[in-house]
Amino acid sequence: MKSKSEQVANIPVVSAAFLLLWIIAFVVHAAPKSVWNDEERALLRLQWIGSLPKFPPDPTNKYADNPVAAKLGHKIFFDKRFSSNEQVACASCHHPDKYFTDGLAKARGIGATARSAPSIVGMAYSSWFFWDGRSDSLWSQALGPLESVIEHGGNRSQYARIIYNDPAYRKLYENIFGSLPDLSDKKRFPEDAAPVGVSASVKNWLEMNGADRKAITRVYVNMGKAIAAYESLLIPAPARFDKYVEAVLTDNPAGTSDILSADEVAGLRLFIGKGMCATCHQGPLFTLNGFHNTGVPDPAAMRQKITPGNFSESKSLLDEGRLTGIQQAFKSEFNCLGEYSDAANKDCSELKFSTKRRSETLGAFKVPTLRNIDMTAPYMHAGQFKTLGEVLKHYNSVPIAPIGRTDLPSINMTPEEQVQLEAFLHSLNGPLAVSPELLQAPDR
């Protein structure tokens with residue numbers, strides 16, 4: 001038996017060994033949270049806001065980077081006169097304080113729509129617009145709601161006349177696009193005329209001669225191109241995630257500890273790894289802007305209690321998504337190949353070579369950005385999920401798609417991993433790289 005003095009002498013040795021083992025265990029446990037291999041660093045760089053390309057050119061819109069056009073577009077974006085009841089503006093569904101969404105499951109204008117209003121931040125980097133991609137340019141997207149009877153509810157002749165009669169609008173417009181047509185003859189240029197909308201407007205449109213219809217449409221198109229010039233300025237600024245990645249890429253691991261929590265880093269690893277989120281939410285805007293069927297419940301199916309896989313009598317109720325969207329894009333008078341586009345034929349490969357295959361497009365919807373996701377609830381194309389937790393639970397369960405075939409893989413995340421992944425998504429919240437005056441209505 002050891003003497004009391006020998007036991008006392010060994011106490012520091014045992015304590016030191018225990019401390020050393022504890023330190024080693026802590027380092028091993030902590031290492032995955034702060035150490036990234038070369039492949040992982042490449043993935044982080046891909047998602048980093050610093051990898052966002054310079055302002056992308058839009059071959060369909062030669063005014064996309066024109067600051068005067070952006071000024072005109074800014075005014076139109078916030079002006080409620082561009083609606084049938086003078087109560088709806090673009091900003092009515094795209095609030096700057098909600099990351100240019102409206103917080104509703106389904107957007108409301110003159111009436112109720114069938115889908116939510118997606119964020120338009122960073123949309124200048126996309127090739128397709130609307131949840132179903134029925135427009136292939138930012139300016140043609142801007143035109144759709146203006147003549148929709150349930151959104152703005154107005155018509156292109158009405159809007160051209162606002163530009164014509166308002167001295168401030170007229171000056172801006174003519175400085176960019178040249179002289180407006182003379183709209184003083186109301187018989188020749190009716191106050192309400194358009195190829196779509198209410199019957200009286202359509203009748204007036206059909207009674208106009210072709211040249212006058214084109215003159216009005218050209219003003220309408222230029223409005224869209226000006227709105228697009230403004231929206232192209234709406235770019236995200238770095239979030240906490242970006243600051244973390246910058247620290248990783250500059251080999252400053254000590255600088256990462258105060259940026260993201262342990263759960264957020266674990267969630268980031270899930271995002272680029274096991275969770276396979278970056279497969280679709282790839283790049284600095286956290287989207288490839290593609291289309292996928294993720295088996296999201298269809299509001300019509302939920303309302304009618306339709307059983308998945310048994311839609312023979314009720315399939316007409318269901319939203320077919322990209323299947324109808326791509327067909328509309330090809331038919332649109334405002335697509336890349338149309339006469340109002342500034343693009344050359346060779347610049348329209350996105351449209352010309354887009355798939356129309358039913359198996360790939362049925363029930364597919366556009367992948368949204370995840371930046372500032374806290375500000376864009378409810379989620380999915382018709383606001384089916386109120387919380388991020390509901391979204392992650394859906395993705396983890398891989399349900400049968402209500403229409404078409406789901407693209408979701410089986411992930412099998414644990415409850416703890418779902419919490420970590422959600423924690424990471426909160427790190428994508430950040431400001432906009434936009435002058436404050438562009439986030440509010442300008443003076444008339």
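Analyst: Helices (H or I, at least four residues) and strands (E, at least two) are runs assigned by DSSP and numbered from the N terminus. This is a predicted model, in which local features need pLDDT of at least 70 and side-chain atom pairs count only at pLDDT 80 or more, while totals for chains, interfaces and linings use all residues. Residues are numbered from 1 along each chain as its sequence is written, and side-chain values use heavy atoms, with hydrogens and water left out.

User: Where does isoleucine 150 lie?
Analyst: Isoleucine 150 is found in the loop between helix H5 (138–147) and helix H6 (156–165).

User: Is isoleucine 150 buried, exposed or partly exposed?
Analyst: Buried means under 20% relative accessible area, exposed means over 50%, and partly exposed is in between (1.4 Å probe, protein chains only). Isoleucine 150 has a relative accessible area of 34%, so it is partly exposed.

User: OK, new topic. How many disulfides does the structure hold?
Analyst: The structure holds 1 disulfide, a term for a pair of cysteine sulfur atoms within 2.5 Å.

User: Which cysteines form a disulfide?
Analyst: Cysteine 336 and cysteine 348 form a disulfide, and their sulfur atoms are 2.0 Å apart. Cysteine 336 and cysteine 348 are both in the loop between helix H13 (322–331) and helix H14 (349–352), 12 residues apart.

User: And what is the handedness of the link of cysteine 336 and cysteine 348?
Analyst: That link is left-handed, with -80 degrees about the S-S bond.

User: Are cysteine 336 and cysteine 348 buried or exposed?
Analyst: Both cysteine 336 and cysteine 348 are buried.

User: Why does cysteine 90 count as buried?
Analyst: Cysteine 90 counts as buried because its relative accessibility is 11%.

User: And cysteine 277?
Analyst: Cysteine 277 is in no disulfide either, and the nearest cysteine sulfur, that of cysteine 280, is 9.2 Å away. Cysteine 277 counts as buried because its relative accessibility is 16%.

User: Now the whole chain, please. How many helices and strands does the protein chain have?
Analyst: The protein chain has 17 helices and 2 strands.

User: What percentage of the residues count as buried?
Analyst: Of the 444 residues of the protein chain, 49% count as buried.
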